[in-house]
Every structure is written in structure tokens, then in C-alpha cells.
Amino acid sequence: FMTLNEMMIKHNFITKVLLRDGDKELSKDLKVKLMGMRIELGKIRKQLEEDLQEAVKELTPKGYQELIMKEDKTEEDKAQVEAWNKQINEEYNAYVDKRGKEEVQIDTTLSEDEFAQIIEVNAGNDVEINGTKLNAADFLEVLYSLFVA
């Protein structure tokens, strides 16, 4: 079991693994396994993202959009928007926190042999994850810690 937070991290990393680089490529079985993981993790991520958008809609008070769009906001209007923003953020963050701790069951375990193949193909694979650049060695180190049992 892993939490949804852990699943998001794993998805960010597994999608950056190269299946092929030049004349080096992973075995067919490992490609199939990695694609399966990517698809499964991606489905859960997509559902979570949709749920989070729905949560924002549900948490937004009636009249909020109208007040935001209003041209000449009074001090009272501004205070109301600020109060609503604070409330929406607090409730949204509580929801995200709760959802992030939910557990999902997907086997994302790689063997040492499978990882050795990944190293061979990804030795030069510098990546960027959520705006952070990682050189291939650091990327592979994190990948190992996330996926190798």
C-alpha cells in the first residue's frame, strides 16, 4: 500500500524513465511492466485531480464569482472576498491533506535486475520534475529508493 501523496511522487518519476535511448532499450517485459505502472498511476492521478477541481467548485460560496468580477469593489466587498479566499483555502487544504493520506494498492516494485536495465538505458537521462532539474545519477538514485524493494 502507498498513500496518494506517494503515488503522485512515483508517477512524476516513472513517467521520466526512458524505455529506449539510441540503440539501448529495455526488455519487452520491462517496457510492458513500466507502461502498466504509468497507466495505472496516471488513472489514479487523473481521478484525484478531477476530485480536487470538484472540491474547489463545491467549496466556493454562491456569489463568489460575481463578487470577484465586480468592477468597483467596496471595502466590505474586498473583506468578503478575502474571508472567502481564506475559508476556501483552509477547507481545500484540509481536503487535500485528508485525500493525500488515503491508501492505494498498486504494485510498483522493481527488481534489482530490472533496475540495472533502467540504469543502462537512463544513464544519460537528466530530467526535470516539478520544475526541479535532476542529473541522471540523482534521478536514478531517487528512482531506486522509490521503486526497488
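Analyst: Phenylalanine 115 is buried: its relative accessible area is 5%, and the cut-off for buried is under 20%. Keep in mind that this is a predicted model, though the chain averages a pLDDT of 96. Helix 5 (residues 112-122) has the highest mean pLDDT among the elements of the chain, at 98.

Now for the ring pairs. There are three aromatic pairs by the count used here. One of them is stacked, because the rings of phenylalanine 13 and phenylalanine 139 have their planes at 10°, with centres 6.0 Å apart. Phenylalanine 13 belongs to helix 1 (residues 4-14) and phenylalanine 139 to helix 6 (residues 136-147), so this pair ties together parts 126 residues apart in sequence. Both phenylalanine 13 and phenylalanine 139 are buried.

Back to your side chain: phenylalanine 115 pairs edge-to-face with tyrosine 144, at 5.0 Å centre to centre and with 75° between the planes. Since phenylalanine 115 lies in helix 5 and tyrosine 144 in helix 6, the pair ties together parts that are 29 residues apart in sequence. Tyrosine 144, for its part, is partly exposed, with a relative accessible area of 32%.

Leucine 134, in strand 6 (residues 132-134), touches Phe13 and Phe139, among others. Leucine 134 counts as buried, with a relative accessible area of 19%. There's also a charge to look at: the charged end of lysine 10 sits over the ring of phenylalanine 147, 5.2 Å from its centre.

Notes. Residues numbered from 1 in each chain as written. Predicted model: local features only at pLDDT ≥ 70, side-chain atom pairs only at ≥ 80, totals over all residues. Heavy atoms only, no water. Helix = DSSP H or I, 4+ residues; strand = E, 2+ residues; numbered from the N terminus. Buried < 20%, exposed > 50% of the residue type's maximum accessible area, 1.4 Å probe, protein only. Contact = heavy atoms within 4.5 Å. pLDDT = per-residue confidence, 0-100. Phe/Tyr/Trp six-rings, centres within 6.5 Å; stacked < 30°, edge-to-face > 60°. Lys NZ or Arg CZ within 6 Å of the ring centre and 35° of its normal. Lists of a residue's contacts leave out its neighbours within four places in sequence.
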